Amino acid sequence: VKVIGSLRLAYREVIPTLRKMYVEGLRQAVQSVMESLTVELGRSFYIDVDEEYTPTIIEDSGFVRDVNLISGGERTWLALAYRIGLGQLLMEAKTGQSLELLILDEPTEALGTEDKSIETLASAISNLRMVRQILPVTHSEELAREASTRILIAKKNGISKIDKT
């Protein structure tokens with residue numbers, strides 16, 4: 001019982017340090033992905049992640065922006081970077097390998113065609129080298145046009161038909 005008590009005490013003492021290390025690792029992973037994604041935008045974002053795993057954007061001027069106060073496009077970039085960074089961190093912790101497959105469901109939700117942000121996202125996704133295979137599921141023709149392989153699914157008479165191009 002004494003040994004177990006000592007182990008519990010040691011565990012409680014080390015947990016805050018381990019959590020800080022994990023949060024810093026997450027911040028670095030998200031920052032790395034964000035830099036990879038936004039290199040073509042000519043704009044950089046510094047990402048911070050607090051102890052509750054909530055990301056914030058810090059501008060070059062030092063101004064901190066809460067995720068609820070950023071534009072839809074910035075929210076899309078941050079959400080994508082956060083998910084990929086977290087996925088990488090979890091995969092590496094569990095298997096020691098990097099993320100092999102990423103499935104994105106409607107990643108263009110807050111992006112528009114008028115400012116070419118969908119094309120920019122498509123280019124960023126195709127240039128993302130840290131994930132071997134990326135499968136975006138989308139209704140966006142602009143995003144689909146950039147894919148190396150397209151699988152189109154259409155429902156006719158209640159039956160889904162698949163066309164690979």
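Accessible areas here come from the Shrake-Rupley method with a 1.4 Å probe. On that basis, the predicted model has an accessible surface of about 11,100 Å², and 54% of this belongs to carbon and sulfur atoms. Of the 165 residues, 34% count as buried.

The overall dimensions come next. The radius of gyration is 20 Å, whereas a compact globule of 165 residues would come in near 15 Å. Taken along the principal axes, the box filled by the C-alpha atoms is roughly 70 × 45 × 25 Å. As for the fold, the protein has four helices and seven strands, and from the N terminus on they run α-β-β-β-α-β-α-β-α-β-β. If we look at contacts between residues at least 6 apart in sequence, 53% of them join residues at least 24 apart.

Now for the inside. In soluble globular proteins, nonpolar side chains tend to be buried together. In this model, the largest nonpolar core has 32 residues, and Leu37 and Ile47 are the ones with the most contacts inside it. At least two core residues each are supplied by helix 1 (2–38), strand 1 (46–49), helix 2 (72–95), strand 4 (101–105) and helix 3 (117–127). Helix 2 gives the largest share, seven residues. Leaving aside neighbours within four places in sequence, Leu37 is in contact with Trp77, Leu80, Ala81, Ala124 and Leu128.

Helix 2 itself has 24 residues and reaches 34 Å from first C-alpha to last, close to the 34 Å expected at 1.5 Å a residue. Helix 3 is mostly covered, with eight of its 11 residues buried; among them are Ile118, Leu121, Ala124 and Ile125, along with the polar residues Ser117, Thr120 and Ser123. The cover over the buried residues of helix 3 includes helix 1, helix 2, strand 4, strand 5 (133–137) and helix 4 (141–145).

What about charged side chains in strands? Arg65 lies in strand 3 (residues 64–66). Its relative accessible area is 11%, so Arg65 falls under the 20% limit and is buried. The side chain of Arg65 makes a polar contact with the side chain of Glu74, at 2.4 Å. Beyond residues up to four places away in sequence, Arg65 touches Arg43, Thr56, Ile57, Glu59, Ile70, Ser71 and Glu74. Lys155, in strand 6 (residues 151–156), has a relative accessible area of 63% and counts as exposed because that value is over 50%.

Most residues other than glycine have a negative phi. Glu106, in the loop between strand 4 and helix 3, has a positive phi near 50 degrees. With a relative accessible area of 25%, Glu106 is partly exposed. Asn157, in the loop between strand 6 and strand 7 (159–164), also has a positive phi, near 55 degrees. At 80% relative accessibility, Asn157 counts as exposed.

Technical notes. Residues numbered from 1 in each chain as written. Heavy atoms only, no water. Buried < 20%, exposed > 50% of the residue type's maximum accessible area, 1.4 Å probe, protein only. Polar contact = N/O pair within 3.5 Å; in protein donor to acceptor, adjacent residues only side chain to side chain. Contact = heavy atoms within 4.5 Å. Core = buried A, V, L, I, M, F, W, Y, C linked by side-chain atoms within 4.5 Å. Expected span 1.5 Å × (residues − 1). Rg over C-alpha atoms; globule rule 2.2 N^0.38 Å.
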